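This report walks through one protein model from its overall fold to single residues. Keep the sequence and the coordinates open while reading.

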Amino acid sequence: MVLAVAVLLVACGSTGSSESNTLTGSVSLKNGRWDPGQACRGADGYGDLTGGARVTVTDGAGELLALGSMELGTASGYLHCDLPFTVPDVPESEFYKVTIGNRPEMSYTLAELEAVDWNLALSLG
């Protein structure tokens, strides 16, 4: 299972040169069946992706930097469930590892997160 990163051009949290940022984003699940506009969550092998799922950000050495959580998703189409997440107060570091639920960690540099304005668009399925 691979999470693909796409650039979302939404100004949501970069605080420029300050010492901390808010990491936001969403995970789009594309393998279920949901009624558009209804609440949704991961099922089967994606059951860890639901409202309240933990989102962790660590530095390159694995030291915990910040914790956040995923919200319950909203179906954006019959086969798409979009689950937003927020991680406040992420201090600046050269490297980051982001883990959502039980998914494998994803690595980013400070420059990569700044390039997407601290907003990740991820997809699965």
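Helices (H or I, at least four residues) and strands (E, at least two) are DSSP runs, numbered from the N terminus. The model is a predicted one. Asp44, for example, falls in the loop between strand 3 and strand 4.

**Overall make-up**

The protein chain holds one helix and ten strands. Along the sequence the pattern reads β-β-β-β-β-β-β-β-β-α-β. Of its 125 residues, 41% count as buried. Take the contacts between residues at least 6 apart in sequence: 63% of them join residues at least 24 apart. The chain exposes about 6500 Å², and carbon and sulfur atoms supply 52% of that area.

**Strand pairing**

Strand 4 (residues 54–59) and strand 5 (residues 64–70) run antiparallel and are joined by five bridges. Val57 stands opposite Ala66 of strand 5. The hairpin of strand 4 and strand 5 has four residues between the strands. There, Gly62 takes a positive phi near 90 degrees.

Strand 5 also pairs with strand 7 (residues 80–91). This pair is antiparallel too, with two bridges. Met70 stands opposite Phe85 of strand 7.

In a regular strand, side chains alternate between the two faces of the sheet.

**The disulfide**

The model has one disulfide. It joins Cys40 to Cys81, with an S to S distance of 2.0 Å. The torsion about the S-S bond of Cys40 and Cys81 is about 95 degrees, so the disulfide is right-handed. Cys40 lies in strand 3 (residues 39–40) and Cys81 in strand 7, so the pair ties together parts that are 41 residues apart in sequence. Are these two cysteines buried or exposed? Buried means under 20% relative accessible area. Cys40 is at 4%, so Cys40 counts as buried. Cys81 is at 0%, so Cys81 is buried as well.

**The nonpolar core**

The largest nonpolar core has 30 residues. Those with the most contacts inside it are Leu23, Val27, Leu29, Leu49, Phe85 and Ile100. Which elements each supply at least two residues of this core? They are strand 2 (20–29), strand 4, strand 5, strand 7, strand 8 (95–100), strand 9 (106–109), helix 1 (110–115) and strand 10 (119–124). Strand 7 gives the most, with five residues.

Asp44 has a positive phi near 55 degrees, in a residue other than glycine. Trp118 also has a positive phi, near 60 degrees, and is likewise not a glycine. Trp118 sits in the loop between helix 1 and strand 10. Asp44 has a relative accessible area of 79%, so Asp44 is exposed; the cut-off is over 50%. Trp118 is at 1%, so Trp118 counts as buried.

**Relative accessible areas**

The table collects residues discussed in this report.

| Residue | Relative accessible area | State |
|---|---|---|
| Cys40 | 4% | buried |
| Cys81 | 0% | buried |
| Asp44 | 79% | exposed |
| Leu110 | 19% | buried |
| Trp118 | 1% | buried |

How many aromatic pairs does the model have? The count comes to one aromatic pair. Tyr96 and Trp118 form it, in an edge-to-face arrangement. The ring centres are 5.5 Å apart, and the angle between the planes is 80 degrees. Tyr96 lies in strand 8 and Trp118 in the loop between helix 1 and strand 10, so the pair ties together parts that are 22 residues apart in sequence. Both Tyr96 and Trp118 are buried.

Leu110 lies in helix 1. At 19% relative accessibility, Leu110 falls under the 20% cut-off and therefore counts as buried. Not counting residues up to four places away in sequence, Leu110 touches both partners of the aromatic pair, Tyr96 and Trp118. Leu110 also touches Glu92, Ser93 and Glu94. The C-alpha atoms of Leu110 and Phe95 are separated by 5.9 Å, though these residues are 15 apart along the chain.

Conventions: Residues numbered from 1 in each chain as written. Predicted model: local features only at pLDDT ≥ 70, side-chain atom pairs only at ≥ 80, totals over all residues. Heavy atoms only, no water. Pairing = 2+ DSSP bridges. Disulfide = S-S within 2.5 Å. Buried < 20%, exposed > 50% of the residue type's maximum accessible area, 1.4 Å probe, protein only. Core = buried A, V, L, I, M, F, W, Y, C linked by side-chain atoms within 4.5 Å. Contact = heavy atoms within 4.5 Å. Areas by Shrake-Rupley, 256 points an atom, 1.4 Å probe, with all protein chains shown as cover. Phe/Tyr/Trp six-rings, centres within 6.5 Å; stacked < 30°, edge-to-face > 60°.
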